[in-house]
Amino acid sequence: MVGAGGPPVSAIILFMAGLAAIAGWWLSQQRLTAKPWLEQGVMVDLREAGTASPPAAKIGLGVFLAVVGSLFALFISAYSMRMTMADWRALPMPRLLWFNTAVLVLSSVALQWTYMAARRDDIGGVIFGLCAGGASAITFLIGQLLAWRQLSAAGYFLASNPANSFFYLITAVHGLHLMGGLVALGRTTAKVWLGAPVAQVRLSVELCAIYWHFLLLVWLVLLGLLTGWTDNVVEICSQLLS
Amino acid sequence: MVDIPLDTVAGIPPAEVGEVELYHPRSWWTRYVFSQDAKVIAVQYSITAMAIGMVALVLSWLMRLQLGFPGTFSFIDANQYLQFITMHGMIMVVYLLTALFLGGFGNYLIPLMVGARDMVFPYVNMLSYWIYLLAVLVLVSTFFMPGGPTGAGWTLYPPQAILSGTPGQDWGIILMLASLILFIIGFTMGGLNYVVTVLQGRTRGMTLMRMPLTVWGIFTATVMALLAFPALFVASVMLLLDRLLETSFFMPTLVEMGELKQYSGGSPILFQHLFWFFGHPEVYIVALPAFGIISDLISVHARKNIFGYRMMVWAIVGIGALSFVVWAHHMYVSGMNPYFGFFFATTTLIIAIPTAIKVYNWVLTLWRGDIHLTIPMLFALAFIITFVNGGLTGLFLGNVVVDVPLSDTMFVVAHFHMVMGIAPIMAVFGGIYHWYPKVTGRMLNEALGRFHFWVSFLGAYAIFFPMHYLGLLGMPRRYHDIGETAFVPASAHDLNAFMSVAALIVGFAQLVFLFNLVWSLFKGKEAGGNPWGAASLEWQTPETPPAHGNWGKELPIVYRWAYDYSVPGAPQDFVPQNEPPAGWSARGAHP
């Protein structure tokens, strides 16, 4: 723990260190030791080789995931700092969360399957996969709402304990991100529905699948945190740092 | 990245962007208002930022009137004074400087400097501006709400920020937090564009190490902002919940006006960590674009290649990385483990190294250069001097033992105004005088510009130099009226009055600048395509102002870095980036 005045570092620092490693690796590929004042002529970099260069939208999604990741890492940092204070009373996890988790896994699998169908040019598979992925994601969201209702029916209100506040807040933020994903998924589905060929939506499907896997990963981490499984990990990290 | 040996380059045609990929406006509305053209968005961002900046300027006048002549202006009471400092700080840091450097300069310069037709996600880019405008309008609306804007100080520290006794406790703080959340969402949309355009939108031959330092500065600052703003987002959302739904993220058990509140056990320190995890990188989010702009201005107007380009790039990246591990130096007086204090003091002082490298390189670029004292150059020189000034007092404050007695005094105010107020604003002005001819096709008026420079530069020093002294005397910041004290002599009050007069004059000089912007738009001297003889790509557009799509039919090919000035044997004293080496044909084919 971070004790009197230590910074709530663990999660966000680890996350930033990971990003710094990626950025450092990327920069190391960029010939930062070049001496541009001595070099004239055309230099062609890998971006132009065509196959090796991912489309801008994919890079954009990657950068966006880094931003979302840092958002959740900060929530987790705040959570792990706040939970060590005296008034923290962990709340019982509704069993429904396990069902929701399974549904979200299913949703992610469905989108991965859709992506593979899109690569096979299987339009029927794409439509089926998109609908299955969307429907299971919506089921997950409804499940989360039901979990909220169960908690508040049992007297665990938002403001009655910081553990509750964090639970509602973090699940809400995760849900909102999934809803944003559903907008993109809906647009892709509409395109296919209106008869766009698979080639036109292949990239969108792939991006949706990546985003879904990412949100699934975030959810698994959050679930570990909220159910207290990772308490030991948090404690070890804190001890290392204090 | 792979270098293809020069002899295999023959026959590679210029990379062309098919016209179908470019968005084409069909009506006046989509051309000038809901435009997806980065250049229009840049102008929209800049005008909005300058307009809200004028509000902040007027607020600073009101503050200075109160400080210089306490008791004279009955319409400024203690609550309003707090509201003025809060809004002044928040507007200047977030809504003016961040928006102007990244939304304004970033949008205009990135596509032009890297040789792209536009940002990679134009629609998202447009949304970014409109959400920013909404954030500004929400912010402004707090002036008209019952209770007025929040007076919590720009750091919005809980618990006081959301308790009664702090002005603007109702709508002020709620809308402030809402506005910040909107700003961050809007910025993220723009930021994705800037980063991905630099990564993916560069034209053929524009390797990372051939990019002008302006692009490096804006790029790195954007990456930092994308990662740092979520901390402010998290802090704002949680504070908003504490205020609206009485959760206890940050709020400890407390009694307010004799009434025990529902809050319990929260940690105000947690807010400070989150806030400064954003707040310190924010300093460099503002400084790095300024560093880049200054590097380019100095090189162009001294007709000399930038000294130590590689070191400049490494320093920008190094500063960006280091700025994430220094945040707690804003919290020395909040109480912390001495080892943490030691750690953060050390990292803070280490930042002085890459920063000093940059200053040395600027000076060495000037050394024996052909210095033209144009207005952009004057502002660039003023930036270097001011930044060194503010940086040196930063070394004082970075040390825990020096910081503790100076904390919350005017010394701190003087320090951060020098380093992240005056210095970046000098870079902004230098940049505007430099690139205005490209944006409008006309030069800004020279006489008005020189008047603006000298009054702003000398005036800023008249305001902030004496402020250091007041801080050393122990004069606290954020006090509406210092009253009778044993440690503040009468002469300090005279000094305060002097600074206030200087502030009024500097403010009026900005009105001259705004007048110049408008007047020159119609009456300014025709600039031509490249009035400064600059080598970087934005000056080589076929049309000035650049048309929609920036380049003609074909994208430019880049053969060299952006700093080929005074090359021996060259026909002119600069070689444009898209000029093929001697003996090459213009289409990039080897002879």
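1. Let's start with Glu246(B). In this predicted model, Glu246(B) has 16 other C-beta atoms within 10 Å, so it comes out as partly exposed; to count as buried, a residue needs 20 or more. Look for Glu246(B) in the loop between helix 7 (213-245) and strand 1 (255-256) of chain B. Its backbone deserves a glance too: phi is positive, about 55°, although the residue is not a glycine.

2. Asn550(B) also has a positive phi without being a glycine, with a value near 65°. Is Asn550(B) buried or exposed? Asn550(B) counts as buried, because 23 C-beta neighbours fall inside 10 Å. You'll find Asn550(B) in the segment after helix 16 of chain B. As background, most residues other than glycine have a negative phi.

3. While you're in that part of the chain, check Pro545(B), which is found in the segment after helix 16 (490-523) of chain B. The peptide bond joining Thr544(B) and Pro545(B) is cis, and its omega is about -5°.

4. There is a cis bond between two prolines as well: the peptide bond from Pro158(B) to Pro159(B), with omega near 5°. Where does Pro159(B) lie? Pro159(B) is in the loop between helix 5 (122-141) and helix 6 (171-200) of chain B. For context, most peptide bonds are trans.

5. Next, Tyr81(B), which has its place in helix 4 (residues 78-114) of chain B. Tyr81(B) counts as buried because it has 21 C-beta neighbours inside 10 Å, and the cut-off is 20 or more. Who touches Tyr81(B), once neighbours within four places in sequence are left aside? The contacts are Met63(B), Gln66(B), Ile76(B) and His480(B). As for Pro122(B), 41 residues separate it from Tyr81(B) in sequence, and the C-alpha to C-alpha distance is 41 Å.

6. Last, the place where the two chains meet. Chain A puts 48 residues into the contact and chain B puts in 62 residues. On the side of chain A that touches chain B, the elements giving two or more residues are helix 1 (10-28), helix 2 (56-82) and helix 5 (162-193) of chain A. Which of chain A's elements gives the most to that side? Helix 2 of chain A does, with 14 residues. By type, the residues on this side of chain A split into 31 nonpolar, 11 polar and six charged.

How values were computed. Residues are numbered from 1 along each chain as its sequence is written. Chains are lettered from A and ligands numbered from 1 in the order in which they are written. This is a predicted model: local features need pLDDT of at least 70, side-chain atom pairs count only at pLDDT 80 or more; totals for chains, interfaces and linings use all residues. Two residues are in contact if their C-beta atoms, placed from the backbone, lie within 7 Å. Helices (H or I, at least four residues) and strands (E, at least two) are DSSP runs, numbered from the N terminus. Ala, Val, Leu, Ile, Met, Phe, Trp, Tyr, Cys and Pro count as nonpolar, Asp, Glu, Lys and Arg as charged, and the others, Gly among them, as polar. A residue is buried if 20 or more other C-beta atoms lie within 10 Å of its own, exposed if 12 or fewer, and partly exposed in between; C-beta atoms are placed from the backbone.
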